[in-house]
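Please consult the sequence and the structure alongside the text.

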Amino acid sequence: MTVLTTHNLVRIYQNGGVPVPAVRGVDFTVEAGEFVAIMGPSGSGKSTLVHMLGGLDVRTSGEIWLDGKRVDTLSESAWAVLRRRKIGFVFQFYNLVTNMSVADNVELPALLAGMSPRESRERREYLLAELGLTERAYAAPAELSGGEQQRVALARALANGPRLLLADEPTGNLDSRNTRDVLRLLGEVHGQGQTIVVVTHDAKVASKADRVVTLSDGMIVDDASMRRRRRPPGSAGDVVELRG
Amino acid sequence: MRLPLLALLAKEPAHGYELKQALEQTFGGAYPSPNIGQIYVTLGRLEKDGYVRVVDVEQSNRPNKKVYFLTAAGREALEEWVDEPTEGPRVRDEFFMKLVLAPLTGIADRMALINRQRRHYLSLMRDLTELAERTDPGDRVALLLIEGATLHLQADLDWLERCQEDLVT
Ligand SMILES: Nc1ncnc2c1ncn2[C@@H]1O[C@H](COP(=O)(O)OP(=O)(O)OP(=O)(O)O)[C@@H](O)[C@H]1O
Ligand SMILES: [Mg+2]
């Protein structure tokens with residue numbers, strides 16, 4: 001089943017009267033349960049693309065279909081409802097609610113999506129524990145490091161069990177241990193059937209995906225299914241071998 | 001140097017000195033320029049292997065010129081080289097040569113080469129990620145080795161992105 005489709009999606013910004021084509025005709029489909037990574041050089045249109053997919057930016061032309069319904073024509077308020085129910089979004093620059101605790105930041109989307117207070121709390125506890133943030137639950141976002149904020153943003157995006165998780169550089173600020181926690185959680189929810197589209201420069205994240213889509217200059221230049229290699233390497237000693 | 005010479009001959013037949021000049025022109029300072037003797041030795045070996053053939057071209061008031069051209073077997077060897085992903089720490093050297101020479105041969109375009117190499121790196125990364133997951137968390141040395149390999153791969157991928165930005169238009 002298809003969760004997301006775009007047809008000839010275009011976004012042209014105006015920069016002081018000069019048109020800047022950021023996304024130039026993208027045809028893109030994501031099946032239910034798929035984990036897709038989007039890569040590409042800086043400025044190639046990755047954020048612009050996922051912002052449009054999440055209704056946070058308006059397309060110039062083309063179509064976006066979510067769960068069989070056309071959504072690029074929706075009003076801002078209709079998008080807000082859709083996001084509450086169906087989409088989890090992790091921004092490149094977090095966007096946490098500053099005057100709420102970490103716990104409330106994560107629980108709020110679950111409550112807004114109609115989960116009971118108890119379910120919401122359990123979901124929050126599970127997500128924060130997975131990301132090693134249990135101890136920070138009652139802190140304010142301003143008291144957290146960049147990496148911690150980033151993980152809270154991921155927990156928040158997953159709180160309502162969204163149909164589609166959109167994440168823009170979810171490990172951009174993380175050291176290797178925290179990256180590992182994020183990867184484990186992404187792998188876990190993916191295993192539970194979560195559909196994921198993640199923008200990343202991090203090859204460790206991309207290597208977890210089922211598909212890697214590469215953008216260049218606002219267009220898809222590669223769409224690679226990451227099929228398993230015939231023979232996984234045995235031990236760390238083979239790593240040298242692996243690198244030739 | 002065998003494969004770069006084949007690649008240059010895929011573009012057009014040439015004599016030894018022209019090949020030396022073409023190598024210098026193509027790689028500029030990026031590659032140490034071979035001397036003419038090395039080029040003739042290599043061409044001799046390629047001829048013995050059946051990858052190139054040579055014809056004598058008469059010149060009006062100078063000695064005959066030996067012009068080399070690519071055979072079908074040579075073209076096959078070249079295609080094989082271009083088509084396989086490149087292994088190892090010499091990755092950059094060899095891959096870079098493929099990348100620079102690709103448009104000359106018309107065998108593959110640069111975007112296709114970059115895409116293939118990226119896929120290869122990503123599948124190596126997947127192997128490393130799985131290996132890390134299967135490794136005993138107490139085995140610090142093993143994990144560090146894997147992390148080192150991971151960082152090298154990430155650097156290779158970042159560099160590939162730079163190639164994509166600058167060489168593919
Ligand atoms: N609001 C805006 N107004 C004008 N131009 C914009 C705007 N947002 C993005 N752009 C331009 O659109 C292009 C694509 O930007 P985008 O942010 O999508 O790139 P990106 O692939 O996410 O890059 P990065 O990896 O650096 O995050 C760039 O040239 C950028 O300058
Ligand atoms: Mg971006």
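A:Arg24 is part of strand β2 of chain A, which spans residues 18-31; strands (E, at least two residues) and helices (H or I, at least four) are DSSP runs, numbered from the N terminus. Because its relative accessibility is 33%, A:Arg24 counts as partly exposed; buried means under 20% relative accessible area, exposed over 50%, and partly exposed in between (1.4 Å probe, protein chains only). Between A:Arg24 and A:Asn178 there are 154 residues of sequence separation and a C-alpha to C-alpha distance of 35 Å.

The model is predicted: local features need pLDDT of at least 70 and side-chain atom pairs count only at pLDDT 80 or more, whereas totals for chains, interfaces and linings use all residues. Residues are numbered from 1 along each chain as its sequence is written, chains are lettered from A and ligands numbered from 1 in the order in which they are written, and side-chain values use heavy atoms, with hydrogens and water left out.

A:Thr171 is located in the loop of chain A between β7 (164-168) and α6 (176-191). With 5% relative accessibility, A:Thr171 counts as buried. Its side chain makes a polar contact of 3.5 Å with the side chain of A:Asp202. A polar contact is a pair of N or O atoms within 3.5 Å; within protein, one must be able to donate a hydrogen and the other to accept it, and residues adjacent in sequence count only if both atoms are side-chain atoms.

The residues around ligand 1 include A:Tyr13, A:Lys46, A:Gln92 and A:His201, where a residue is near a molecule if one of its heavy atoms lies within 4 Å of it. Helix α1 of chain A (residues 46-53) supplies the largest share of this shell, three residues.

| Residue | Atom of the residue | Distance to an oxygen atom of ligand 1 |
|---|---|---|
| A:Ser42 | polar side-chain atom | 2.5 Å |
| A:Gly43 | polar backbone atom | 2.8 Å |
| A:Gly45 | backbone N or O atom | 3.1 Å |

Taken alone, ligand 1 exposes 640 Å², of which the protein buries 63%; accessible areas come from the Shrake-Rupley method with a 1.4 Å probe, and for residues only the protein chains shown count as cover.

In chain B, B:Ile36 lies in helix α3 (residues 36-48). B:Ile36 counts as partly exposed, because its relative accessibility is 31%.
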